[in-house]
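Please look over the sequence and the model shown here.

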Amino acid sequence: MPEGDTVWQAARRLHEALAGRVLTRSDFRVPQYATVDLSGRTVLSTIARGKHLLTRVEGGLTLHTHLRMEGAWKVYGDGERWKGGPAHQIRIVLATAERAAVGYRLPVLELLRTSEEDRTVSHLGPDLLGPDWDPELALANLLADPARQLGEALLDQRNLAGIGNVYKSELCFLLGVTPWLPVGALPADRAARLPVLAKKLLEANRDRVVRRTTGLRGQDLFVYGRAPRPCLRCGTSVRVADQGDGVQERPTYWCPACQRGPAPPPDSPQRWRDRYRRTDR
């Protein structure tokens, strides 16, 4: 699941493969840009901004992409077989003499002037892995709506950029509170820890292939994806329920013994547990 750390990794792969090299091929497989050809232009850089990717190209152009849930960028060597999915899922190809970067299932793909990048990312809060990281501002953003559920506030990229559903569940576990706790009810000492802990987790995982929050061999995550297995700390069955605004619901994991605070309606955990039982093993 793409979150701030995996998007940062994707930006690094694209930058290492393309930056400073001339494009020998560009193939936009979306109707809006079907006639666009970037061949002959030099790629300047690729950076991550929260969960957004910005690839800057000579001539003042930026390719903006977002992976959301299913998207992926794959980089292949010259002559290497492309294995990121069937051809009909390819949305764009950027190739040099040595490498090909292939974007699969990208739900967001737009070409804009580099001078207009801000219109795509200006809404974002401080980036946990970016040069603009500001823990005090991130915390102030979160506390601005004290009645909002902590899990929802953490996913709101306007508060701080880079946290997805996995880190939401893991952060709440490490803070010892449920994702349904109102932000304003978060004890002051834990609120102060939150931005620091969030940055620590993403920084620790930005160079890893497998995301890990526990420090335990063979057990990568404390609660995410573990329902209904025992909690690694207390042995209580980890639970899972949906959380969201009614439009977009996310499976949310927690330990009812280790985490204090409100729980979701009693029917939600059973519904999600049945749905996710096979994939959680």
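**Sheet, hairpins and pocket**

Four strands form an open sheet in the order 1-6-7-5, with antiparallel pairing. Strands (E, at least two residues) and helices (H or I, at least four residues) are DSSP runs numbered from the N terminus, and two strands count as paired if DSSP finds at least two bridges between them. From one strand to the next the twist averages 15°; axes are lines fitted to C-alpha atoms, for helices over the stretch in contact, and angles run from 0 to 180 degrees between N-to-C directions.

This is a predicted model, in which local features need pLDDT of at least 70 and side-chain atom pairs count only at pLDDT 80 or more, while totals for chains, interfaces and linings use all residues. Residues are numbered from 1 along each chain as its sequence is written, and side-chain values use heavy atoms, with hydrogens and water left out.

Within the sheet, strand 6 (residues 90-95) and strand 7 (residues 99-104) pair in the antiparallel sense over five bridges, and a hairpin of three residues joins them. Ile92 has Gly103 of strand 7 as its bridge partner. Helix 1 (residues 4-18) packs on the sheet and touches strand 5, strand 6 and strand 7, where contact means heavy atoms within 4.5 Å. The direction of helix 1 makes about 30° with that of strand 5. Strand 7 also runs antiparallel to strand 5, joined by six bridges, and Lys74 stands opposite Val102 in strand 7. Five of the six residues of strand 7 are buried, so this strand is largely enclosed by the rest of the structure. Buried means under 20% relative accessible area, exposed over 50%, and partly exposed in between (1.4 Å probe, protein chains only).

Strand 2 (residues 43-49) and strand 3 run antiparallel and are joined by six bridges; Arg49 stands opposite His52 in strand 3. Their hairpin has two residues between the strands, and Gly50 takes a positive phi near 65° there. Strand 3 pairs with strand 4 in the antiparallel sense, again over six bridges, with Thr55 opposite Leu63 in strand 4. In this second hairpin three residues lie between the strands, and Gly59 has a positive phi near 100°. Strand 3 (residues 52-57) is mostly covered, with five of its six residues buried.

The remaining topic is the largest pocket, whose volume is about 670 Å³. On a 1 Å grid over the protein atoms alone, a pocket is an open set of points with protein on both sides within 12 Å along at least five of seven lines, and lining residues have an atom within 4 Å of a point. Grid points are joined across faces, edges and corners, and the volume is the space filled by probe spheres set on the points. The lining has 25 residues, of which Lys51, Leu155, Gln157, Gln248 and Arg250 lie nearest the centre. Strand 4 (61-66), helix 4 (150-155), helix 5 (165-175) and strand 9 (239-244) are the elements that give two or more residues to this lining. Helix 4 gives the most, with three residues.

Conventions: On a 1 Å grid over the protein atoms alone, a cavity is a set of points where a 1.4 Å probe fits but cannot get out, and a pocket is an open set with protein on both sides within 12 Å along at least five of seven lines; lining residues have an atom within 4 Å of a point.
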